[in-house]
Amino acid sequence: MKAVILVGGKATRLLPLTRHTPKSMVPVLNIPFLEHVIRHLGSHQVKEIVLAQGHLSQPIEDYFGDGSRFDVKLHYAVEDTPRGTGGAVKNAAGHLDDTFLVLNGDVFTDLDITGMVAFHRERQAKATIALTPVEDPTAYGLVETETDGRVVRFLEKPSWDEVLQRKTNMINAGTYILEPDILAQIPPEREVSIERETFQQLLAQEEPMYAYSSSAYWLDMGTPERYLQLHRDILDGKCPRCALAPDMKVVIEKPGNVHPAVRLEPPVVIGANCSIGEGVRLVGPVVIGAGSTILEDSLIENCIIWRNARLGPRVRLKDSILADNCRFGADTIGEGVVVGDNVTVLSGIKLEPGSKIEPGTTIG
Ligand code: GDD
Ligand code: MG
């Protein structure tokens, strides 16, 4: 079965991290998010994938190429203007002729795709939507079902009143199996939301649309808080597919220059060729991208740092995310900061807690 992955959104909620990096190239444990998704598909024998792209498509093609490095075959369907989630599927239609999967490109999940395909076929469904429970459904698509799993209502971004009325917290988990004749229903050459338009049409036509409820690990990593949460969850072993072995709570990917007098409090992942100076304390979860240098006596706690950072000495950083090539001078203090690529902070600066710093900025 082929899959379409929607990777063309603007990712505004992850700005400034996504100013120059598409959401699907944002690193998770030092590899692009999308690589995790593609490997998951591959593990369920889904080996032919169309990447439905718009915004910032080139970095994705440069990294993934024809997919052979990942043991899959990749096609690219690039929109000239954003077509929305339904329009993006329509734009990929030239590659689709049989039952196919659609995945939101920002969902990290351990969903049993093989089981979902079998379920779709047993029910002879026109469309099957994976569901997952969440605490606050208002940021998602709420799906109401009959006891046999048939979908009766789909409410995108419901109000709390609507959630309470429906008495369910099951939301659209962003994985669909669709029959190819649905493609003919999606109008070409314009923006179409699959959630607000296509699914509503299928319901109105009383087409067999089923929900596949799953309690597998699931997270939409579309905000900085959830991006940090994803790392915490994976490193805590909540997603079995990618859990680190219990005796590997500190991972140094390719030893660079880690001083013997550092304190690594797990879980900690240090990318290739990093240099960690004397007296540095890393309080997990901490992930440090390849080629980074952390100078003496710095304290880094619950942070995700991308490639080629140069921080310290005596930097103190907590609950923060730094994109590629950040330079923080001596004694910088930051808490809850989200920092775009190529930001320089001169020595002795206390950053505004929770601030978001645009790429290329120099502070101080
Ligand atoms: N190619 C393309 N073109 N992709 C797009 C476009 C577009 O115009 N717009 C959005 N996407 C991609 C995004 O990159 C993302 O991977 C996916 O479609 C979903 O878009 P989001 O913007 O992340 O939507 P959401 O998170 O608010 O809501 C969606 O996902 C929830 C689950 O995470 C909906 O499908 C909800 O119903 C669902 O519950
Ligand atoms: Mg999303």
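Hi everyone, let's start with the largest pocket, which has a volume of about 990 Å³. By pocket I mean an open set of points on a 1 Å grid over the protein atoms alone, where a 1.4 Å probe fits, with protein on both sides within 12 Å along at least five of seven lines; lining residues have an atom within 4 Å of a point. The volume is the space filled by probe spheres set on the points, joined across faces, edges and corners.

Of its 36 lining residues, G9, R13, K23, T85 and E195 are the closest to the centre. Please keep in mind that this is a predicted model, where local features need pLDDT of at least 70, side-chain atom pairs count only at pLDDT 80 or more, and totals for linings use all residues. Residues are numbered from 1 along each chain, ligands from 1 in the order in which they are written, and side-chain values use heavy atoms, without hydrogens and water.

So what takes up the space of the largest pocket? That is ligand 1. Now for its polar contacts (pairs of N or O atoms within 3.5 Å). One ligand nitrogen is 3.0 Å from a polar backbone atom of G8. A ligand oxygen is 3.0 Å from a polar backbone atom of G141, and an oxygen of the ligand lies 2.8 Å from a side-chain N or O atom of K157. The protein covers 90% of the 740 Å² of accessible area that ligand 1 has on its own, by the Shrake-Rupley method with a 1.4 Å probe.

Finally, the second largest pocket holds about 340 Å³ of space. Among its 18 lining residues, M25, P27, P32, R307 and D324 come closest to the centre. Thanks, all!

Conventions. Polar contact = N/O pair within 3.5 Å; in protein donor to acceptor, adjacent residues only side chain to side chain. Sits in = over half its atoms within 2 Å of the grid points.
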